[in-house]
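Me: Hi! Could you walk me through this one before I set anything up?

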Amino acid sequence: MKLHIEPKIRVALQLCASVGLLVFLLSRLDWQRSLVMIRGANPLLLASILMVHAADRVLMALKWHQLLRVLDDRLERRSAIAVYYESTFIGFALPLGGFGPDLVRFVRLRGRGIDSHVTLSSMVMERLNGAIATLAFITVGCVVLARLAPPPGLQHFALISAIVAGVAGLIGATLIFYPALGRALIRLFRLPASIESGRFAKYVEAARAYSRKRLTLAINLGLSMIEQTMPVFTMWIGSHALGAPLPWLVCLAVSPVAVVIQRLPLTYGGLGLREGSAAALLVALGYDYSTALVLLMTLVVMFLISLLPGAIVLATAGRPLPKRASA
């Protein structure tokens, strides 16, 4: 029997789980030492974390815009960045996980006269490229974690995770760059042939358009891999800002695991899960718990502040794009 939970109840449970986890994590802090770290934080380095977040947001918007232009070139880069900022700000408050920002983008572009299948296709392709980049990020991070981790159990877990993520990433990249294999799988599973002529015909045509742009897909995948390093840099800069510098390789080893765990639908926006898992890994690598948690909570505050430009975009939403002239 499948258990059905109403969305509002699910969100309330996730919020309670986040609050409970954060209260538990904070209850174990050495507050005297933590306050000294916070008071001595370097404001310029903290500001640089906001700059990294801003650069990351712009990069994500531009790589999505690159995919959107394959199907429809009416949305300007500046508008794409504004929509992306706005969707991130609103989407964080929506109880839909990672799909909240996508829903906002879908609504905004439909209001600007862009066909729904174009927006959906660009976001699906963005998600696929992002998933492959994430798997590559996990593979590299877990290999580094296996080399740094003293406990044999953690080493084995990291190596197995690296192998699984690497294989999954290769399969995903192969299906994107060689769509003939995907069509072979469709025939293998005997999906209806009418899929190409029915309601999904536009999406099939969009997939073909992307398959003819391998260089664009390769560049987009490369940008996605660069974007994946953002948590590593923010953690590294944040540790220096608090006067407890972490080696860059340690940040690379910890960030991928935290990124994966935060996406589990157990807490609101991954709050609590991300901080707890990252703190546990840092302790396993020999670092002080209080120092680790102060760093992680500081990064949460910086992330929330970085969302504020989205509020400005929301308050100054632009006009719809002109309708495309019929041929």
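**Surface, fold and rings**

Reply: Happy to! The model is a predicted one. The protein exposes about 17,900 Å², and carbon and sulfur atoms supply 70% of that area.

Me: Thanks! And how much of the protein is buried?

Reply: Of its 327 residues, 43% count as buried.

Me: What about secondary structure, how many helices and strands?

Reply: There are 15 helices and zero strands in the protein.

Me: Okay, contacts next. For those with a separation of 6 or more, what share comes from residues 24 or more positions apart?

Reply: Such residues account for 73% of those contacts.

Me: Switching to rings: how many aromatic pairs are there?

Reply: The count comes to two aromatic pairs. One of them is Trp64 with Tyr84, whose ring centres are 6.0 Å apart.

Me: Why is that pair called tilted?

Reply: The planes of Trp64 and Tyr84 meet at 55 degrees, so the pair is tilted. Over 60 degrees would count as edge-to-face.

Me: Nice. Which charged end sits over the ring of Trp64?

Reply: That of Arg105, at 4.8 Å from the ring centre.

Me: And what lies over the face of Tyr289?

Reply: Arg28 does, 5.0 Å from the centre of the Tyr289 ring.

Conventions: Residues numbered from 1 in each chain as written. Predicted model: local features only at pLDDT ≥ 70, side-chain atom pairs only at ≥ 80, totals over all residues. Heavy atoms only, no water. Helix = DSSP H or I, 4+ residues; strand = E, 2+ residues; numbered from the N terminus. Buried < 20%, exposed > 50% of the residue type's maximum accessible area, 1.4 Å probe, protein only. Contact = heavy atoms within 4.5 Å. Areas by Shrake-Rupley, 256 points an atom, 1.4 Å probe, with all protein chains shown as cover. Phe/Tyr/Trp six-rings, centres within 6.5 Å; stacked < 30°, edge-to-face > 60°. Lys NZ or Arg CZ within 6 Å of the ring centre and 35° of its normal.
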